[in-house]
Structures are given as structure tokens and as C-alpha cells.
Amino acid sequence: MNGSAQAALHEQAAVATRGQFGREVFVRAVVEVSNFCRENCAYCGMRRDNRTLARYRANHEQLADLLVHHRPASVTDVNIQAGEDPVAVREVVLPLIRTLRRETPLGVSVCLGTLSRELYVKLQSAGATIYIIKFEIDDAASYEKLEAPGTLSERLDHIHSLAGSGWNVSSGFIVGLPGQGPSDLAASLKLAGTLPLRGCSVSPFIPGEATPLAGEVVANTNWTLNCIAALRLMRPDWVIPAVSALNLADKDGYRRGLRAGANLVTMNLTPDDLRGDYVIYKRKRFIMTEERVLDAITAEGLSPSRRSLAEHYRNGVTHPAATGVMTMAVA
Ligand code: SF4
């Protein structure tokens, strides 16, 4: 779908977003605290078989100083992200969350992979309230073929169990993986709609360097944006991020994401000396700096939310899914 039908779909999604959230978008910072990963996802440059990366774990005191004393004023939440690395969870993430809880009002979300129940409890006790865990692909056979973590059913079990133990869970899926067609995307949308989520991302497939999929083609941006719009119409109440990979797929992709229903932006505060090796796709990353994020918000006539995402989830009302899941044409 493109042309006027696509414009109408995106406009409908934008209206649904404004109806629920007004013109405000949530602004969070991400810090990428470790690029060690015990998993081997075929679509990710941080997979364990990639020997070309210098692996690192950040120093939690350095990150705490940055976030406590030098964060941009617009940031209300921080997302602590890493490869699947339980050592980093214990040595970096937990002390960092405790410091942030003690010294800042920041909401804390984590994106750390499938962990033990014990670590989930420790993260929650430390003060994190949002867990980001993507299901990536709706089809169990493709999930296994792409060496995504565990099995799809285990991943979905973790999503249910996290939500059942009080986490606000956000998930996500990839658009444009090799061999995926419109019906696969409709199935991913449908699966997302069945999960106990507060938010969901849609990421365009970008062939990662030093991965088995390096020679494949980049996702179709229109498909990705149409999935964002369909997701928004399916769940007007969900928080949907504009992911930085949209800019790798299309030079105007990020802003188009905000126009198609996204309402969360993320600026990257990972220290410069570390982020060169946090390579999900390519070494030449498109870093969403404070300036780029705020420029995109302003250019779209939006404004940064003063209320944190964590506070929104604490106080917000969850609306039931819109009737008639939006599995309309996304291609
Ligand atoms: S997607 Fe996540 S779990 Fe998979 S290899 Fe990359 S960092 Fe590891």
C-alpha cells in the first residue's frame, strides 16, 4: 500500500495517537551497557559468533555520573540495554538502577534478553518497571531458523510471566526479514495483539555486518511504516517507539514514523568510546543525538512529554484492543 491509501492510513493512525496522547511524545535515553551476548540471532551483529567486535561492559559509575548529572533536560526515562549478558546485569545494570532510583526521578526500563526469574525479581526490586522483550518473528519455524533466543513459545512464556509479575512489558517485531511477505506481517500484528503488552515496536530489517544475513536486502520502509500505523489503530493506547533503524531504511524514516503513529523517541547517551562496538546492524550507526531527536519532534509539530513513561504506565488507563484487529494490507 502506498500513495493516497497509505497517506490516509497514516493520517488515521496519527489522529488515533493524538486522541490518546495529544501532541506529546515520550523522550527516553538509552545506554548500551554491554555488547557481550550469549545468543546468536542471525539478524544481529552482536551475535556470539561475531568475532569482529571488541566486547565491553560499561562502568556503572561512569554511566550513573552521566545520567545523574549530565542528562538532557528533556529525558524522563532511561532504557538500559545490553546483549543477553547476565554478568552485566549483576555487575553493571543492578547497581546503576539502584543509583538512578536513589538520585533521580527517571523511569527505568530494561532490555536485557531472556533471563532467570531470579534476575527479573532483582531488577524489579532495584526499581526498573518496564521490560522490553521482543518476539521478533511470529512464526516458530522461522524463529528457530534465525537462531532467535530459545524457542518462540519460550519467548512468549517470558512475556506472559513478566507481565504477570507486575512488569509493564513492551515487545516488538521485525519487518522485511528474508522471505517475509504481507501475510507474515499481518500474523506478527495479530500475535502482538494477543500479548499482555503496554507497548510494541516495529523495526525494519537491516542486514547486519558480519551476520549470515549480511547480503540480504533492507526492509521496505513503506511496509514498516504501514505496520506502525496498523499497530496504532489496533491499540491506540500502546506506546510505540520511533526506532533509529527507520533512518537506516529511509533518510526521512524516523520522522515518517512519528507521522504514522509512533509516540516515543530515544536519544543515545552511550559514551562515544563504547558505542562503536554496539553493532546491531552496522558500524556506521545513525546515532539519535539529543539534537536530532528534539529537531524531529519539533519538525513534526510535537513536544516532549514532561511525564515519564513509567509514570504514564503507573497512572494510565489501559484500553481494550480496538475491535477488528488491523491486519489490513500492510504491503
Ligand atoms: S538480538 Fe539480542 S539476543 Fe539476539 S544476538 Fe542480538 S543482542 Fe543478542
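This is a predicted model: local features need pLDDT of at least 70, side-chain atom pairs count only at pLDDT 80 or more; totals for chains, interfaces and linings use all residues.
Local features need pLDDT of at least 70, side-chain atom pairs count only at pLDDT 80 or more, and totals for chains, interfaces and linings use all residues. Residues are numbered from 1 along each chain as its sequence is written.

The protein has 13 helices and eight strands. These are DSSP runs, numbered from the N terminus: helices are H or I with at least four residues, strands E with at least two. The radius of gyration, taken over C-alpha atoms, is 18 Å, close to the 20 Å of the globule rule for 331 residues, so the protein is as compact as a globular protein of that length. That rule is 2.2 Å times the number of residues to the power 0.38. Along the principal axes, the C-alpha trace spans about 50 × 40 × 35 Å.

Strand 3 (residues 107–111) is mostly covered, with four of its five residues buried. Buried means that 20 or more other C-beta atoms, placed from the backbone, lie within 10 Å of the residue's own. Strand 3 runs parallel to strand 2 (residues 77–82), joined by five bridges. Strands pair if DSSP finds at least two bridges between them. Val-78 faces Val-108 of strand 3. Strand 3 also runs parallel to strand 4 (residues 130–132), through two bridges. Here Ser-109 is bridged to Ile-130.

Notes: A residue is buried if 20 or more other C-beta atoms lie within 10 Å of its own, exposed if 12 or fewer, and partly exposed in between; C-beta atoms are placed from the backbone.
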